[in-house]
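Morning, everyone. I'll go through the domains first, then one annotated span, then a pair of helices. The model is on the screen.

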Amino acid sequence: PSPIRLADYRPPAWTVSQIELEFDLGIDSTEVRSRLHLRRDPAQHVPLRLDGEGLELIAITLDGQPLDAHAYRYQDEVLEVEGASDDSVLETRVRVRPAANTALEGLYLSGSREQGFLLTQCEAEGFRHVTFFPDRPDVLARYSVTLRADRARFPVLLAGGNPAGAGELPDGRHWARFVDPYPKPSYLFALVAGRLEKIERGYRTADGRDVKLVIWAEPDVIDCCGYAMDALERAMRWDERAYGRNFDLDVFHVVATHDFNMGAMENKGLNIFNAKYLLADPDTTTDDEYRGVEAVIGHEYFHNWSGNRVTCRDWFQLSLKEGLTVFREQQFSADMNSAPLKRIDDVALLRRAQFPEDAGPLAHPVRPSQYSEINNFYTATVYEKGAELVRMLAGRLGSEGFRRGMDLYFDRNDGRAATLEDFLAALGSANGIDLSPYLAWYAQAGTPQLSAAGRYDAATRSYTLTLRQHTPATPGQPDKRALPIPVKLALFGPDGRMLPLHDGAAEQVVVLEQDEQSFVFPGIEHAPVPSLLRGFSAPVILDYAYAPAELALLLTHDTDGFNRWEAAQQLAWRAYAELRDGSGHEALSVWGDTLAGLFDQDGLDPALLADLLTPPGEVELAERETDVDPARIHALRQALQRELAARIGAHVLAGRYRTLEAQASDALDAASQAQRRLRRRVLELLVLLDAAKAQALAAAQFDRAATMTDRLAALAVLVRSGAPQAAEALERYRTRHAGNALALDKWFAVQAQIPGEPALARVRTLQANPKFTLKNPNRVQALLGTWARGNPSGFHRVDGEGYRFLAARLAELDALNPQVAARLATAFNGWQRLEPARREQARAAVAELAGRRLSRNLAEIVGNMLKG
Ligand code: B3K
Ligand code: ZN
């Protein structure tokens, strides 16, 4: 099939002003009647064509008349109808089969036939699996949805919009109707039906609307929804304050399911969540997961404006809603928790997930120019790099200017399907600035490399900073142009104090717009140490030839929490390179000794300390190498951390561990979370120095843990260090949490992280465990995703067995769930940079897979993988 191209976009020839849907719901068979009120674009003369996939057509009428067999044709996933005109009403009746739907796209069954419930997932193109429709985001219609079902089997019936009646039917059946007053694209349609329980809360919006907030879940987990409800209320208040956005329906439903392809979905008025991002309780949820629930609750809620009220013209504009909403979610999380820690987390994620994407065969711009399967483009580039671009724009405009721009964006585009040009135009015209140069960031793939060099002239007391940029070629984009790169900076004197800049400010933003530019700072009293790209002001790779002592100065004194961490990362990187190349130990000493010095410093946030003590991960380290040998990188990173542990000292580490242990609590406040984060880090360092002692501490921690965070941290240390206590701890964990799917996922995941060659044997054993199934995306991610995407030394075996094992699982999975298979296949990203033996094994495994009959999803990923 030929790819879809942005350049080929045409407005729809036919639109739908209103749709009336009626569902007769059943697990094996559901009947869907739809009445479409059609509008024709007078400028275009093409027959009516509607999307429809896997639909069994039962009846079709146009303007009340049954259609002859020759007046319509349903083939190749398109229904073509003759004789329709502007204002025609097309009515169809189709049958779909929810229980047979393993792709979890369209209408499907979550859970068992006996107890499970029905739900839909329509983004991006699931609605065409429900009924015939112009299934594209620029067709906005008013929805009226009537659900009918057996009352005993489906006591709860939900769809997006405001409730508009309900009642009884003969034979134990009942009905409910929902009308959504806001025109919306089909990808935002949703329904849910089954035996669900709820928690409920009243909420009054800032503009005075009384809204009912309802969270629905299966009876066994309804007690785990309270945290999400609180988070939802916080998110709603925050969006009112930060963006002046109010909720706009009378009721807001949120539903949890264990069977979901991604994190959650922002369907209008009926958000549907992967249970992983909704359910929370202290016995089974870690601190990181609590923050994840809050963030995703916020993210989906914020989509009500950035995505739903203002939607995307076409799927190439996906980052218009996703990059923007991730940015809003990041701001929300930063406000609710610690802003510097949030920034560190986000940049670490960008480096771990997006930089490798941008540097490999799957590289694509934030606004891709073509795709064959849009579901393959819900990527770190569209989401995380997209959010970085919004952050750059927000930084350029300042907080008031950005708010002005956002107000205008929402105002101008409310009820419309917009483009990234519309976004930049609104931000720009609200501020009298031309932001169109930033469009290049959306069109150009690859991570820019920014080199910086400074020169201090003591005679004139001026400092000159020279910046140069270069973006390496990516597949299909050999030549790159210069991008506007905002560099936020400050200058530090030798005593660690900030040097005032000429206008008295401590901090300034310079924007590099050409390939190379110099910026002069007059009136600088000393040769400075520059703190560059503060807060990570642009998503680039910075190269500046700092002396290790200069990085130590920033690590100790920088007032930007993010750049303190960044200095530690840079030092760790250099220390790692010294170990690898046997090129001395200058950076190693400076890194280890500076951190050892900070270890006992009062007033340093323990959570920040934990992050400072963490060197770049194995995926990030591999990014800077050619002929990558993941086993060697693992060994070197362990050696690096052992050096750090040695410089701090076993005695000091153990002492700090005991102090932290004495403070242990099961509270969720920032201080308790920070204590747990540092305690874990200390244990991880100690185990490298004195394994027996640390393992004994971990075993005791596992026994007594009052939170999942502490229990899982202890278990991870035991399992990954191959402790003699590991097997028993795993068994006790399994028995304790046997009935809890999310806790059991963590049992699979922790074992998938065993380093090195033994990982595969464990993965094979776990794959044969009766609790493992390829049908559940969370379980697949927990075992196969953690191993293949998060455990490089475990996946990249030198004999290639890891690659062949994954390829075989991908082929099986693809037959069930193409979206999940395609995402898992990205584990092969970066294979071209492996050392020759692994490279050949990986290539052969991917090529063998490419030769099979695959879904469009998986075929596109493996095809691109081999092209790059
Ligand atoms: N918009 C959904 C993602 C849909 C993915 C479709 N394959 C979740 C989100 O970003 O909020
Ligand atoms: Zn989103």
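Taken over C-alpha atoms, the centres of domain 1 and domain 2 are 31 Å apart. This is a predicted model, where local features need pLDDT of at least 70 and side-chain atom pairs count only at pLDDT 80 or more, while totals for chains, interfaces and linings use all residues. Residues are numbered from 1 along each chain as its sequence is written, and chains are lettered from A and ligands numbered from 1 in the order in which they are written.

The assignment lists domain 1 (1-195), domain 2 (310-443), domain 3 (449-538) and domain 4 (757-868); such bounds come from an automatic or database domain assignment.

Where domains 1 and 2 touch, 14 residues of domain 1 are in contact with 14 residues of domain 2, contact being C-beta atoms, placed from the backbone, within 7 Å. The domain 1 side has ten nonpolar, no polar and four charged residues. Nonpolar is Ala, Val, Leu, Ile, Met, Phe, Trp, Tyr, Cys and Pro, charged is Asp, Glu, Lys and Arg, and the others, Gly among them, are polar.

Next, the annotation. An unreviewed UniProt entry lists residues 64-188 as "domain: Aminopeptidase N-like N-terminal"; annotations like this may be inferred rather than shown by experiment. That span is 0% helix and 50% strand, with its end C-alpha atoms 28 Å apart. Helices are DSSP runs of H or I, at least four residues, and strands are runs of E, at least two.

Last, the helices. How do the axes of α23 and α24 cross? At roughly 155°, coming within 6 Å, with axes fitted to C-alpha atoms over the stretch in contact and angles running from 0 to 180 degrees between N-to-C directions. So α23 is roughly antiparallel to α24, the word for angles over 145 degrees. Leu810, Leu813 and Asp814 of α23 meet Pro818, Val820, Ala821, Leu824 and Ala825 of α24.

Note on methods
Parallel < 35°, antiparallel > 145°, perpendicular 65-115°, else oblique. Contact = placed C-beta atoms within 7 Å.
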